[in-house]
Amino acid sequence: MTNDADIAPDSIVRTALRRLPVPEHSRSFWEELDQTLALEPSRHVHEPALAVGPPLAPSADPEAATVARPAQAGTVSRPPTRARAAAAEREPDPTSRLVPPSLRRRSNLLLLLVAAAAAVLVALSGTALVHNRAGSGLGTGGAVEVPAAGAAGAAAPPR
Amino acid sequence: MVPMLPAGADSSMPVSTTRVSDLELVELARQGDRPAFARLLRRHDDRMRGLAYRVLADRQAMDDVLQAAYLRAYQDVERFRAGGDFGTWLYRITYNACIDALGEAKPSPTARAGVADPTSGRAGGEPVVSASEVVRSALAELSIPQRVTVVLVDGEGFDHREAAEILGVAPGAVASRLHRARTKLRTILGEKVR
């Protein structure tokens, strides 16, 4: 099905693909992206050096332009993208900082409660078992008290 | 980690004048440095646009997909392996975002053929426009896996191993898809040019 010719680039197809020019982004693309990324929870360890200082001046290096440019007058703003809406939904609730991360999901809390209840039950059962064994003499080295013969006879039902 | 400035450089100078490696920018992005991450994205944006536009054939869809892909990359940048290639990693995220978009919207590239062709309106550009239309509609007739594979290998210049890594398939599957895609493309292009 495949041979060595498939490994080499196909010049005809490559030329054809180059006939399909790739457009630039819309003018507001980088501004929107910056706004979206700004909604993400910060993970700063320390203030990075690249983030301080004045905004970068336009330069010949296209990659050096930041996405943090202020919105230009007359820029048409598009409705929020799905990505941005999803990011907004993920904005952390400040009240949740009081709750440990492992307990922020309701199902985790429920599991914790069930586990605690099970632990209490086990502890109670264990205590009751120990008491029973102590009361019946099982707790004194395994010796079983055998009732006296007379006592056994007295306890026997009348014929 | 802060990139080192060249000796004698004024620390108040814009950092844009220094050449920082991808890995250094990734490290800065991991610490929450958005401008550093933006630099990283701009460094690879041309190729991501090439993939997204050739697969989706729509400028608006390309922008939406790349917004989602770049956001995902920012969220997952801590998972990026230090020894890996950031471009390949970003390609994979972009590819997955394209697949998601195609699965949700089922766009019809041929129906949108007139939208946002960057060559339209160019003086004397008529033959180029028609050639791009031919290629666009020919690509639209390929299946999505075939289209992505041919764009990666013949459009973006990846070898089979790299394309397989991006697509998450075996290199043999890439060769197989490529064979079918090229055969079909040659046939379609031959018919359309005739």
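## Briefing on a predicted two-chain model

Ala68(B) lies in helix H3 of chain B. The structure is a predicted model, and the confidence assigned to chain A calls for some care, since the mean pLDDT of that chain is 64 and 40% of its residues reach 70 or more. Both chains are built from helices without strands, with six helices in chain A and eight in chain B. Helix H3 of chain A, residues 29-38, packs against helix H3 of chain B, residues 59-76.

**Make-up of the two chains**

- Chain A, read from its N terminus, runs α-α-α-α-α-α, and buried residues make up 21% of its 159 residues.
- Of the contacts in chain A that join residues at least 6 apart in sequence, 76% link residues at least 24 apart, while the chain exposes about 11600 Å², of which carbon and sulfur atoms supply 64%.
- Chain B follows the pattern α-α-α-α-α-α-α-α along its sequence, and 53% of its 194 residues count as buried.

**Confidence in chain A**

- Among the elements of chain A, helix H6 (residues 149-155) has the lowest confidence, at a mean of 45, whereas H3(A) has the highest, at 90.
- Where pLDDT is low, the predicted coordinates should not be read in detail.

**Packing of H3(A) against H3(B)**

- The two helices pack at an angle of about 35 degrees with their axes 10 Å apart, and their crossing is right-handed.
- On the side of H3(A), the contact is made by Phe29(A), Trp30(A), Glu32(A), Leu33(A), Thr36(A) and Leu37(A), and these meet Asp63(B), Leu66(B), Gln67(B), Tyr70(B), Leu71(B) and Tyr74(B) of H3(B).
- Sorted by class, the residues in this contact of H3(A) with H3(B) are eight nonpolar, two polar and two charged.

**Local features of chain B**

- Helix H1 of chain B spans residues 22-30, and its buried residues are Asp22(B), Leu25(B), Val26(B), Leu28(B), Ala29(B) and Arg30(B); H1(B) is followed by Gly32(B), whose phi is positive, near 95 degrees.
- Ala57(B) sits in the loop between helix H2 (34-56) and H3 of chain B, and this residue has a positive phi of about 60 degrees although it is not a glycine.
- Ala57(B) counts as buried because its relative accessible area is 5%, which falls under the 20% cut-off for burial.
- Ala68(B), in helix H3 of chain B, counts as partly exposed because its relative accessibility is 33%, a value that lies between the limits of 20% and 50%.
- The C-alpha atom of Ala68(B) is separated by 9.5 Å from that of Cys98(B), a residue 30 positions away along the chain.

Key
Residues numbered from 1 in each chain as written. Chains lettered and ligands numbered in written order. Predicted model: local features only at pLDDT ≥ 70, side-chain atom pairs only at ≥ 80, totals over all residues. Heavy atoms only, no water. Helix = DSSP H or I, 4+ residues; strand = E, 2+ residues; numbered from the N terminus. Buried < 20%, exposed > 50% of the residue type's maximum accessible area, 1.4 Å probe, protein only. Contact = heavy atoms within 4.5 Å. Areas by Shrake-Rupley, 256 points an atom, 1.4 Å probe, with all protein chains shown as cover. Axes fitted to C-alpha atoms, helices over the stretch in contact; angles between N-to-C directions. Left-handed = near helix turned anticlockwise from the far one by under 90°. Nonpolar A, V, L, I, M, F, W, Y, C, P; charged D, E, K, R; others polar. pLDDT = per-residue confidence, 0-100.
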